[in-house]
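Here is a short tour to read alongside your viewer. Keep the model open and follow the chains as we go.

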Amino acid sequence: MPGKKNRFFTKSELKQMGVETVDLIQQAVDAGKQEETKKLARRMYREAFFQHESYRDWITSLLSYIYRNNGDKAVYEALHEAFKQLSPVMDTYRSVDVGRQTQMLAAGFRGHLSSVVVEEDDDKFTVMMPLCGSAGRSISNNSYEKPTNFAKIKNPQEITFGKRDFPVYCAHCAMEEIIAMGKTGYPIWVIDIPEKVGVQPCKYHIYKDPDKVPSKYYKRHGLKEPALKKSK
Amino acid sequence: MAETKKRYFTESELKEMGAESVKLIEKAIDAGDLEKAKKLAHRMYSEYLSTHNIFWDWLISTLGFIQEELGDEAVYRSMYRAFESLTALADAYRNQDAGQKAKLLAAGFRGHLTPVVVEEDDEKFTIMMTPCGSGGRAIASKGYETGKFAKIKKPQKMTFGKKDFPIYCAHCALQDIIPMETGGYPLWVMEDPENVGVEPCKFYIYKNPDDIPARFYERFGLKKPAPKSTK
């Protein structure tokens with residue numbers, strides 16, 4: 001342990017420590033420092049990764065707290081309250097074509113610091129995180145087991161896509177569908193939940209023609225598909 | 001409405017859409033396309049910022065829900081539970097020298113995608129986000145003014161004794177309190193300004209933890225530990 005008066009850094013080092021990494025990347029590119037640029041890009045990734053994991057775990061911890069103290073219905077309400085505020089984001093999605101929607105969803109997934117697979121067929125786009133960087137990573141690192149012990153929702157219900165022992169954080173994916181369908185009758189995307197959540201990827205489908213969204217995605221939320229071509 | 005059968009992207013475009021920006025930056029540099037690398041760095045920043053802001057929006061909403069349904073005490077307990085699980089991280093941090101601690105805290109703050117100011121004097125480091133990319137960004141968004149976000153009305157430990165305190169900012173008090181209660185010494189201590197979210201909060205890392213003023217303990221009803229000769 002250094003004694004008092006000992007200075008660890010020069011003024012210049014202190015200044016550099018505070019500069020945003022994205023700005024340092026620009027500087028490194030402009031100076032033609034290729035290896036330095038790569039190094040800084042990886043640094044920015046690590047900084048964002050740490051922040052991402054901290055936020056996700058904090059949210060999961062709060063949802064676990066709500067589940068254990070107030071039960072399933074409260075988790076539903078807390079998620080509904082949070083995600084209805086994302087309504088403007090959903091409006092933005094609806095204002096652009098499906099190609100752009102897919103680009104936006106892929107960008108959102110890349111924000112979870114995960115690689116993404118995007119497929120296109122005649123009817124739809126399918127977007128997946130091979131290892132889900134959102135909930136999947138916390139499932140694979142055993143955060144739902146002791147000692148972290150995040151909650152799983154025991155009983156099958158709407159926010160668990162009808163599954164038992166469903167990771168509490170993953171319930172927000174159901175809520176994203178519920179809010180979107182509740183607003184206009186149509187979802188923005190629909191999700192195929194795999195048998196083993198967090199191990200196999202969830203598949204997000206964006207249908208090129210919303211009227212082609214299969215009725216099963218509505219029925220699982222107790223909804224009817226909208227009448228065809230009804231003022232979307 | 002797009003017709004079906006229409007394809008929007010080539011296979012190569014779909015593949016590129018799925019690649020992580022950090023990997024594309026490396027690829028662009030290897031290909032000598034530095035302008036593309038710059039563009040991708042901005043893309044990466046936007047992706048991270050968007051997720052960061054969705055997370056804190058969700059967090060603040062959830063904290064508000066807990067307050068409304070269960071009260072301030074539950075807000076305190078739920079945050080205590082969330083942050084006490086970071087004990088291993090806190091221990092790893094505690095074992096670093098003060099210089100490394102300052103570097104780690106600055107890196108953590110840069111993860112909020114905001115510029116940071118780091119100062120050093122004889123006894124401590126002072127680290128600030130200017131502006132705060134965490135709670136300050138939520139305050140600047142006017143979410144507390146419009147009632148979208150909740151405030152903690154009554155002065156208490158997690159509000160640093162302030163009234164009408166932004167609920168999200170209470171986690172900073174817990175980050176002081178938990179290490180003090182579990183390890184005797186804080187990892188850092190925070191000086192909250194008069195106008196939270198407008199003026200920067202100052203995070204101090206003392207080179208010698210015994211030099212941490214007693215007031216930083218006393219404001220949480222704790223007693224400063226006896227000096228350790230081994231430090």
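Which helices and strands of chain A do the buried residues of H8(A) pack against? Before the answer, please keep in mind that this is a predicted model. The partners are helix H4 (72–84), helix H5 (87–94), strand S3 (152–153), strand S4 (166–167), strand S5 (190–192) and helix H9 (216–219) of chain A.

**Helix H8 of chain A**

H8(A) covers residues 171–184. With 14 residues at 1.5 Å each, this helix should span 20 Å, and the 21 Å between its end C-alpha atoms agrees with that. Ten of the 14 residues of H8(A) are buried, so the rest of the structure largely encloses this helix. Among the buried ones are Ala171(A), Cys173(A), Ala174(A), Met175(A), Ile178(A) and Ile179(A), and the list also includes Glu176(A) and Glu177(A).

**Chain A as a whole**

Chain A holds nine helices and six strands. Its C-alpha atoms fill a box of roughly 70 × 45 × 30 Å along the principal axes. Of its 232 residues, 42% count as buried. Looking at contacts in chain A between residues at least 6 apart in sequence, 51% join residues at least 24 apart.

**Where the chains meet**

The contact between the chains takes 68 residues from chain B and 66 residues from chain A. On the chain B side, H3(B) gives the largest share, 24 residues. That side of chain B divides into 33 nonpolar, 16 polar and 19 charged residues.

One place to look at is H4(A) against H3(B), where the axes are 9 Å apart and the angle is about 135°. These two helices are therefore oblique to each other, and H4(A) passes H3(B) in a right-handed crossing. Ala74(A), Ala78(A), Glu81(A) and Ala82(A) of H4(A) meet Trp58(B), Ser61(B), Thr62(B), Phe65(B) and Glu69(B) of H3(B). By type, the residues of this contact are five nonpolar, two polar and two charged.

Within chain B, the axes of H4(B) and H8(B) (residues 170–183) come within 10 Å and cross at roughly 55°. That angle makes H4(B) oblique to H8(B). H4(B) passes H8(B) in a right-handed crossing. In this contact, Val75(B), Met79(B), Tyr80(B), Phe83(B) and Glu84(B) of H4(B) meet Ala170(B), His171(B), Leu174(B), Gln175(B) and Ile178(B) of H8(B). The residues divide into seven nonpolar, two polar and one charged.

**Backbone details worth a look**

| Peptide bond | Omega |
|---|---|
| Lys146(A) to Pro147(A), cis | about 10° |
| Thr130(B) to Pro131(B), cis | near 5° |

Pro147(A) sits in the loop between helix H7 (135–140) and S3 of chain A. Pro131(B) lies in the loop between strand S2 (124–129) and helix H7 (135–140) of chain B.

Asn149(A), also in the loop between H7 and S3 of chain A, has a positive phi of about 60° although it is not a glycine. With 14 C-beta neighbours inside 10 Å, Asn149(A) counts as partly exposed. In the loop between S3 and S4 of chain A lies Asp165(A), a residue other than glycine with a positive phi near 50°. Asp165(A) is partly exposed, with 13 other C-beta atoms within 10 Å.

Conventions. Residues are numbered from 1 along each chain as its sequence is written. Chains are lettered from A and ligands numbered from 1 in the order in which they are written. This is a predicted model: local features need pLDDT of at least 70, side-chain atom pairs count only at pLDDT 80 or more; totals for chains, interfaces and linings use all residues. Helices (H or I, at least four residues) and strands (E, at least two) are DSSP runs, numbered from the N terminus. The expected span of a helix is 1.5 Å times one less than its number of residues. A residue is buried if 20 or more other C-beta atoms lie within 10 Å of its own, exposed if 12 or fewer, and partly exposed in between; C-beta atoms are placed from the backbone. Two residues are in contact if their C-beta atoms, placed from the backbone, lie within 7 Å. Ala, Val, Leu, Ile, Met, Phe, Trp, Tyr, Cys and Pro count as nonpolar, Asp, Glu, Lys and Arg as charged, and the others, Gly among them, as polar. Axes are lines fitted to C-alpha atoms, for helices over the stretch in contact, and angles run from 0 to 180 degrees between N-to-C directions. Angles under 35 degrees count as roughly parallel, over 145 as roughly antiparallel, 65 to 115 as roughly perpendicular and the rest as oblique. A crossing is left-handed if the near helix is turned anticlockwise from the far one by less than a right angle, and right-handed if clockwise.
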